[in-house]
Amino acid sequence: MLKTVPRFKVNIDYEKCIKCGRCSENCTYGAITFDREQDKPLVKNNANCVSCQRCVLFCPKEAINISQYPVTYAPHGTWMPYYIRAINEQAETGGVLLSGMGNDMSYPMVFDYLVWDACQVTNPAIDALREPVETRTYLGRKSKNLHISEIEGKFELEDLPPNVVLSTPIVIGHMSLGSISYNAITAMYRAVKEVGTLMGTGEGGLHRDHYQFRSNLIGEVASGRFGVNSEYLECAALEIKIGQGAKPGHGGQLPGEKVNKLISETRGIPLGTDALSPNPQHDIYSIEDLKTLIAALHEASEYKVPVGVKIAAVNNVAAIASGIVRAGADFITIDGFRGGTGAAPRVIRDNAGIPIELAVAAVDQHLTEEGIRHEVTILAGGTLRSSSDLIKIIALGADVGMIATAPLIALGCKVCQQCPTGKCSWGIATSDPILAQRVDIEYGARRVVNLLRAWTHDLEEVLGTMGIDAVESFVGNRDRLRYLGPNPKEAEILGVKHAGDRLKLGSCAS
Ligand code: SF4
Ligand code: SF4
């Protein structure tokens, strides 16, 4: 077998090491072993190290560090290590390369070319520490007209479509039990319940232990229909998954070795069988078909919950979104091409789809031009790295930002991209019940709650600096953004003016 150059090097400082063995116990990838004869930890194979940093953080003596492997490939402008490694792996395995955790290519981040405006002199800022700034928002269809009936002198609104109240315009995106561990998913379910927002179940159904969280869950209805039953339909909202950002046009994949008793019960499939959901929804080949499924879910859930549709951000996303609204969806979830996942073919993950920033701006403007924007809630995710990305995506036209990698990082994820191996040393992307214990549910939930609250506070502060007292007034407010990037076409698609653009002479005269 041809060896490949390791990416990382494990360095142990034996002068500091007290031979406690924590590093070897924590390493799930076989990079470090504890040699009983020599009574000390040894680097078994640098090539196995994925830089998950577990050993570094669990060493009580700071005796370990991980560095990039010093001997690297000869510099080459075309044949970069990304390609050489992939060729070697495929030459060895003959298979599709799977990876997790988001697009690996260095495409420009459109978010980083945007800045927002702030109040000065003529339009007063709001002091968010002393004055209220409303972050509450609603998920669901908005009525075109309000019908009011009078019954015995009392006035009542008729037939309001179901809406879910969110305390903050942040939801946690879909992650299924199986793709992540029981402890990780439970920690996040607890967090959204405490904060008063939602999380997506992913396509893996819902374990009975988690029924208690249904009023804070969006139940996904994916092409595999795993675990979709009448109890599942009691989630706060339902969402038909057409696509996801990490792998547009591709279904879900959970290898049989990950399908243990817990997962098989939850998904309603036999133990040890591969859970492969088809690429398309086999009953949806047109907007009319989609309309039928939306209507069926409305009916099955007794018209009590909003029904949405999730799509990947692709070239014609604006026209697709328009069709989805006309098919009767109450919300649309758009997932950008940098979105994370437990397992995606690398070739799709890194090359298919478009950035969420452009997709949301296009959809918001298109639906507004068609006069139907107000009818749906838009959720958008796929690399919201910070509260500033959240704020920018709202200004570009999303009602709600969707995050997933960020809360996983709060739980301990180091974005090492080894999720499909099931060996996650942090106990997150694994169905191994022993590894899962590495996530402390209570502590993990607290960290995710803190993250959601911190971003919400950031949002309040920033809205205050813009003199805006409610997040709903900020949705699609592109006028408060300015573009600082190199590409005027990009600014045009975003619908954002370049920074420093002066108002036309005379436009302020009145
Ligand atoms: S965890 Fe640190 S102190 Fe313990 S054996 Fe490993 S290197 Fe030595
Ligand atoms: S979930 Fe685990 S395996 Fe996946 S990127 Fe994070 S630390 Fe690595």
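In this predicted model, one place to begin is the contact of two helices, where Asn183, Ala184, Thr186, Ala187, Met188, Arg190, Ala191, Glu194 and Val195 in helix 4 meet Ile441, Gly444, Ala445, Val448, Val449, Leu452 and Arg453 in helix 13. Sorted by class, the residues that make up this contact of helix 4 with helix 13 comprise 10 nonpolar, three polar and three charged ones.

Two packed helices are described by the angle between their axes and the distance between the axes. Helix 4, which spans residues 182-195, and helix 13, which spans residues 441-465, pack at an angle of about 45 degrees, and their axes are 8 Å apart. Because angles under 35 degrees count as roughly parallel and those from 65 to 115 as roughly perpendicular, helix 4 and helix 13 are oblique to each other. The crossing that helix 4 and helix 13 form is right-handed.

Helix 13 also has a contact with helix 10, in which Ser387, Leu390 and Ile391 of helix 10 meet Trp455, Asp458, Leu459 and Val462 of helix 13. The residues of this contact of helix 10 with helix 13 fall into five nonpolar, one polar and one charged. Helix 10, made up of residues 387-395, packs with helix 13 at an angle of about 55 degrees, with 9 Å between their axes, and the two helices are therefore oblique to each other. Where helix 10 passes helix 13, the crossing is right-handed.

The ligands remain to be described. Ligand 1 is surrounded by 14 residues, of which Cys17, Cys20, Arg22, Cys23 and Cys59 are the closest. The shell around ligand 1 consists, by class, of 10 nonpolar, one polar and three charged residues. Around ligand 2 there are 15 residues, and those that come nearest are Cys413, Cys416, Cys419, Cys424 and Ala429. In the shell around ligand 2, 11 residues are nonpolar, three are polar and one is charged, with Cys counted among the nonpolar residues in this division.

How values were computed
Residues numbered from 1 in each chain as written. Chains lettered and ligands numbered in written order. Predicted model: local features only at pLDDT ≥ 70, side-chain atom pairs only at ≥ 80, totals over all residues. Near = placed C-beta within 6 Å. Axes fitted to C-alpha atoms, helices over the stretch in contact; angles between N-to-C directions. Helix = DSSP H or I, 4+ residues; strand = E, 2+ residues; numbered from the N terminus. Parallel < 35°, antiparallel > 145°, perpendicular 65-115°, else oblique. Left-handed = near helix turned anticlockwise from the far one by under 90°. Contact = placed C-beta atoms within 7 Å.
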